[in-house]
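Notebook open, model loaded. I'm jotting down what I look up as I go.

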Amino acid sequence: MCAGSLIARELRFSRAMIFAVDEINKSTKLLPGIKLGYKIYDSCASVPVAVHVAFQLSNGQDPEFYKNRNCSQSGVVMAAVGDSASTPSMSVSSIIGSFNIPLVSHFATCACLSDKQRHPAFFRTIPSDQFQADALAKLVKHFGWTWIGAVRSDSDYGNNGMASFLNAAQREGICVEYSESFFRTDPQGKIKRVADVIRRSTAVVVVAFIASGDMRVLLEELALEPPPPRQWIGSEGWITDPNFLRFNFCAGAIGVAIQQSVIPGLRDFLLDLSPTEVAASSVLTEFWEDAFNYNDTGKRVCDHTEDLKALKSPYTDTSQLRITNMVYKAVYAIAHAVHNAVCKETHFTTECDRNVRLENKQVLTELRKVKFSQNGYPVSFDANGDPVAFYELVNWQTSDSGVIKLVTVGYYDASLPKGQEFQINRNITWVEGGTQVPVSVCSESCPPGTHKVLQKGKPICCYDCIPCPEGEISNTTDSPDCFPCPIECWPNTEKDTCFPKLIEFLSFDDDLSIILAAFSVFGACLAIITGIIFFCQRTTPIVRANNSELSFLLLFSLTLCFLCSLTFIGAPSEWSCMLRHTAFGITFVLCISCVLGKTVVVLMAFKATLPGSNAMKWFGHPQQKMTVMFFTFIQILICTVWLILSPPFPMENLGTYKEKIILECALGSAVGFWAVLGYIGLLAVFCFVLAVLARKLPDNFNEAKLITFSMLIFCAVWITFIPAYVSSPGKFTVAVEIFAILASSFGMLLCIFAPKCFIIIFQPAKNTKKYVMNKK
């Protein structure tokens, strides 16, 4: 037996195998009448020693154990149990597998041993590291850790296991800050360098895929200068080793472990060692001397009478039977394979042929098919010779007395559907006894409203959180991209939700609308009041001198002009869009036509005073009415063609504002709109020119001057309106239109009628024919 801390554990493995063989040999159901023999070798975790043993088994040498025994197949090895390490198992399997001798391991977990091309006769009762690597990666992901450190044994177990873990971690989106390897026989300087990497790292979580012997070396080095708080994640190779619970800086460690088991009768068997047995076996003698410290005293006489039951040792501790059960199941798996090969079941009994010459290949074939349950624990192998993966999740928890204990907090069952493999059924104590899950990330999570941008030259877990661009959102944490809102929506301030855009139009409850509507109603009332004044004073010289019929028509058209501005307020509809533009165009042409008629009347009246002139005969009342009707009819015709061919219609303007929808009236045909405006402008310019020509007539009260001012204001307003209309956004476009209508209407009303109303009301003495006809 090899000296060192593994003596007791390995001895318990070998004694468990003997216990299982004795149970089988006493069984009346399994291999009745047939006895199994065994020979135990110790490879001392040495590949050369393991290879030597493998050649002995393959050569069919007759070991001393078989001499003078009544064995039907003396010297022929049917199967082997072992080794406890992956690397020796690989060597042994490669040798004895060539002779179809099955090797059933209880502790060799390297995933490389699942390769049936290289290891066709290898089986194991412990899950492959491929399952353990997946379990560890899912464990890390389960608790939200994305930034970890990795340490491994520089052996087939550590290198292959960590490679599988890193691949699984990459699939889970986990980043590794460092990955270090070492072996327990490495120089102390290398061990210290690995410990320093752990101490200086920013990753809080350390995944250790390490064999027990290597982990002891590392923890002893770390104990010299304990690192900052680290959350250790352990593989089954060391996480359940009770010798490590003394390292307080590992408190809170969590990892996967082989299922804790119960083997009835094993403890009594382990403790049932007589002095004669101990003295007869060099292995037991070495264990006994090491367990009771005979090697340290040097003076005590070893009489093997000490009380083994009082010994606290991994050998006697059966409270954490994990790997021992794997040995127990391996022996039973071989026994069931042999049973299936040589025994036949009848209705009432089981008959076994004791004289059959059993071949290794038969045992190998039957091993692939075994399926049974022993002490409630199922045993079977898949196509790769691996069992169904089942792990317990164990946690190092500190008790009230300050002692670290191993506590099972859940399990991982690879047979369950994806996403249900983990079951946590107890509270977990984390690093330094905390109850909150530690955080181990390279970068903090990006909140909704931002997206991840990778930092140059760093792993994918290291990133900056950049706010989403305008018009885009992200509604999940750690979103890799932002996505645009639908065209009718816009992000909120936090940029994590799309809301329907605000709908904007010049509504009646808008402050600007109220002001414009007030002015519109006020203007209409003012025009009506002026009409009432003129009607009451219709026989006076001032009213008569200014062509009362055209004045009343002009006041009526001005009233309509003021009121038509109200059609521009409110949500656009199909009818309101057609009405607002056509009503505006027709009423303004009617208004300008009346002013034009009054201007022509002034000119004709002056011409009529010249000797021999009969101008008024050609532009009397019928002609004035016909002129107004003709000019207005042309505008009606233009509007009719516009409405028939391409009328205005309501639309949602999504382009002016990114965050708002503007409800407005589309022009339909821009040519029709500008034709209506152009015609109004043409009449206004024509009227302005005639008024300018008549501005110096020698009357004391010259209406042509008033018309000139009104047309000047009108033209100025509408010339200014064009650029303002084009550049005004949203509802202000409509407000500019209303303002232009009101400004021009007030200009004509005040310039033409205000002076006359002032004389009528405040200076009635001037309302005489003499004053009106008086020459300057």
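Predicted model: local features only at pLDDT ≥ 70, side-chain atom pairs only at ≥ 80, totals over all residues.

**Entry 1: a helix pair.** I started with H12 and H13, which are roughly perpendicular to each other (the label covers 65 to 115 degrees; under 35 is roughly parallel, over 145 roughly antiparallel, and the rest oblique). Helix H12 (residues 323-342) and helix H13 (residues 360-369) pack at about 115°, and their axes are 8 Å apart. H12 passes H13 in a right-handed crossing, meaning that the near helix is turned clockwise from the far one by less than a right angle. I listed the contact residues: Ala333, Ile334, Ala337, Val338, Asn340 and Ala341 from H12, with Val363, Glu366 and Leu367 from H13. Contact here means heavy atoms within 4.5 Å. By class I get seven nonpolar, one polar and one charged residues (nonpolar is Ala, Val, Leu, Ile, Met, Phe, Trp, Tyr, Cys and Pro; charged is Asp, Glu, Lys and Arg; the others, Gly among them, are polar).

**Entry 2: ground rules.** Residues are numbered from 1 along each chain as its sequence is written, and side-chain values use heavy atoms, with hydrogens and water left out. Helices (H or I, at least four residues) and strands (E, at least two) are DSSP runs numbered from the N terminus. Axes are lines fitted to C-alpha atoms, for helices over the stretch in contact, and angles run from 0 to 180 degrees between N-to-C directions.

**Entry 3: a histidine in H12.** Is His336 buried or exposed? His336 sits in helix H12 and is buried, at 18% relative accessible area (buried is under 20%, exposed over 50%, partly exposed in between, with a 1.4 Å probe and protein chains only). Setting aside neighbours within four places in sequence, I find His336 in contact with Leu30, Val370 and Phe372.

**Entry 4: the eight-stranded sheet.** I traced an open sheet of eight strands with mixed pairing, in the order E5-E4-E6-E7-E8-E13-E14-E15; two strands pair if DSSP finds at least two bridges between them. Strand E5 (175-182) and strand E15 (422-424) are the edges, each pairing on one side only. The twist averages 30° from one strand to the next. Helix H5 (residues 156-171) packs on this sheet, touching strand E4 (147-153), E5 and strand E6 (205-209), and its direction makes about 155° with that of E4. Helix H6 (residues 188-200) lies across E4, E5, E6 and E7, at about 165° to E5. I also checked E7 (residues 231-234) against E8 (residues 254-258): they pair in the parallel sense over two bridges, with Ile233 opposite Ile254 in E8.

**Entry 5: the three-stranded sheet.** E1-E2-E3 is an open sheet with parallel pairing. E1 and strand E3 (122-124) each have a single partner strand, so one side of each lacks a neighbour in the sheet. Strand E2 (residues 103-105) joins E3 over three bridges, and Ser105 has Arg124 as its bridge partner in E3. H3 lies across E1, E2 and E3, at about 160° to E2.

Entry 6: I found a cis peptide bond from Gly82 to Asp83, with omega near -10°. Leu31 is not a glycine, yet its phi is near 55°; Leu31 is also buried, at 0% relative accessibility. Asp478 has a positive phi too, about 60°, and is partly exposed at 23%.
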